[in-house]
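This report describes helix contacts, a ligand shell and selected residues. The sequence and the structure are shown first.

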Amino acid sequence: MTDFNQTNWAKAGFSQQYIDKADIYIVERRRMLGLLVSFYNHFLRGKPNHILDLGCGDGILAHELLKVDDAISATLVDGSADMLRKARERLKDFKNARFINASFQEIIKKDILQPDFDFIVSSLAVHHLDMAGKISLFKSLYAHLRPGGFFLNVDVILAPAGSLEQWYLKLWQEWMDDRKAEFGISDSISDDIIRRYKDNEDNKPDTLDDQLNALKNMGFHEVDCFYKYGIFSIYGGRK
Ligand SMILES: C[S@@+](CC[C@H](N)C(=O)[O-])C[C@H]1O[C@@H](n2cnc3c(N)ncnc32)[C@H](O)[C@@H]1O
């Protein structure tokens, strides 16, 4: 598993570049956030839930949940101190948020996640681990979920066939072209990000099937893909 400090996310400036362009890069980001909130309201709302946002970035996922339910206490984890600073700033009005600067590799190796969680969420971060790393992380998350709790991952996945991948990447390009037209942006960021999705040592997407099977094999149930648009997906399960 690559050490977090050797990835681009550990470099100053990289995180701001992502934050500035995320609504263009990430297909239907607002819809996916809406689905996350709907999932939370349907399955979890009504008790003082403890949530974990893994690879939280600037805290956008935790923020969406804290906005709808002030009974939530949230733990946000990211390997990047720069991102965590942005998350702290974003959530400065919420007293029930705490922040941990740790990599997934540290979470897997050391028992730094305490206490147990009702809802573990992550967005566009788990694909930075290879499949063996994902399995180790899922095991750790399973161990830290309360019985009945959920894990939900918003992430990019690998298409199961090259022909499908070609169409999925075209869909992605079309989405970004539409956003660039909408916001009047003319740079070529979208070409580069599509290339970097796989041809970059930080990104290790795996197929949806492999990830759903990994969750099932370690004991998760109600495992499913809750949303999909090309390579973008939301999947998860219940302990
Ligand atoms: C694409 S950003 C997503 C941020 C946020 N979740 C969002 O949806 O906007 C990926 C995040 O994962 C973090 N990250 C990447 N690899 C990591 C690792 N091995 N351990 C911990 N955090 C990691 C990065 O620092 C970054 O904040």
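## Contact of H6 with H9

The axes of helix H6 and helix H9 (residues 208–217) come within 10 Å and cross at roughly 35°. Axes here are lines fitted to C-alpha atoms, for helices over the stretch in contact, and angles run from 0 to 180 degrees between N-to-C directions. Helices (H or I, at least four residues) and strands (E, at least two) are DSSP runs, numbered from the N terminus. H6 passes H9 in a right-handed crossing; a crossing is right-handed if the near helix is turned clockwise from the far one by less than a right angle, and left-handed if anticlockwise.

On the H6 side, the contact is made by Met 131, Lys 134, Ile 135 and Phe 138, which meet Asp 210, Gln 211, Ala 214 and Leu 215 in H9. Two residues are in contact if their C-beta atoms, placed from the backbone, lie within 7 Å. By class, the contact of H6 with H9 has five nonpolar, one polar and two charged residues. Ala, Val, Leu, Ile, Met, Phe, Trp, Tyr, Cys and Pro count as nonpolar, Asp, Glu, Lys and Arg as charged, and the others, Gly among them, as polar.

## Basis of the model

This is a predicted model, in which local features need pLDDT of at least 70 and side-chain atom pairs count only at pLDDT 80 or more, while totals for chains, interfaces and linings use all residues. Residues are numbered from 1 along each chain as its sequence is written.

Ala 132 is found in helix H6 and counts as exposed because it has 10 C-beta neighbours inside 10 Å. A residue is buried if 20 or more other C-beta atoms lie within 10 Å of its own, exposed if 12 or fewer, and partly exposed in between, with C-beta atoms placed from the backbone. The C-alpha atoms of Ala 132 and Pro 205 are separated by 12 Å, and the two residues are 73 residues apart along the chain.

Asp 209 belongs to helix H9. With 12 C-beta neighbours inside 10 Å, Asp 209 is classed as exposed. Between the C-alpha atoms of Asp 209 and Cys 225, 16 residues apart along the chain, the separation is 9.4 Å.

## Contact of H2 with H3

A second pair of helices is H2 (residues 29–43) and H3, whose axes come within 10 Å and cross at roughly 45°. H2 is therefore oblique to H3; angles under 35 degrees count as roughly parallel, over 145 as roughly antiparallel, 65 to 115 as roughly perpendicular and the rest as oblique. The crossing of H2 past H3 is right-handed.

From H2, Leu 33, Leu 36, Val 37, Tyr 40 and Asn 41 meet Leu 61, Glu 64, Leu 65 and Val 68 in H3. The residues of this contact of H2 with H3 divide into seven nonpolar, one polar and one charged. Ser 38 also lies in helix H2 and counts as exposed, with 12 C-beta neighbours inside 10 Å. Ser 38 and Leu 65 are 9.8 Å apart in space, C-alpha to C-alpha, and 27 residues apart in sequence.

## Shell around the ligand

The ligand is surrounded by 22 residues, of which the closest are Gly 55, Gly 57, Gly 79, Ser 80 and Ser 123. A residue is near a molecule if its C-beta atom, placed from the backbone, lies within 6 Å of it. By class, the shell holds eleven nonpolar, ten polar and one charged residues.

Helix H1 (14–25), helix H3 (60–68) and helix H5 (104–109) each supply at least two residues of this shell. The largest share, three residues, comes from H1.

## Positive phi values in loops

Which loop holds Leu 124? Leu 124 lies in the loop between strand E4 (117–123) and helix H6 (131–143). Its phi is near 55°, a positive value in a residue other than glycine. Leu 124 is buried, with 21 other C-beta atoms within 10 Å.

Glu 28 occupies the loop between H1 and H2. The phi of Glu 28 is near 50°, likewise a positive value in a residue other than glycine. Glu 28 is partly exposed, with 14 other C-beta atoms within 10 Å.

## Leu 145 in strand E5

Leu 145 is placed in strand E5 (residues 145–156) and is buried, with 20 other C-beta atoms within 10 Å. Not counting residues up to four places away in sequence, Leu 145 touches Asp 116, Phe 117, Ile 120, Phe 151 and Lys 239. The C-alpha atoms of Leu 145 and Asp 177, 32 residues apart along the chain, are separated by 40 Å.
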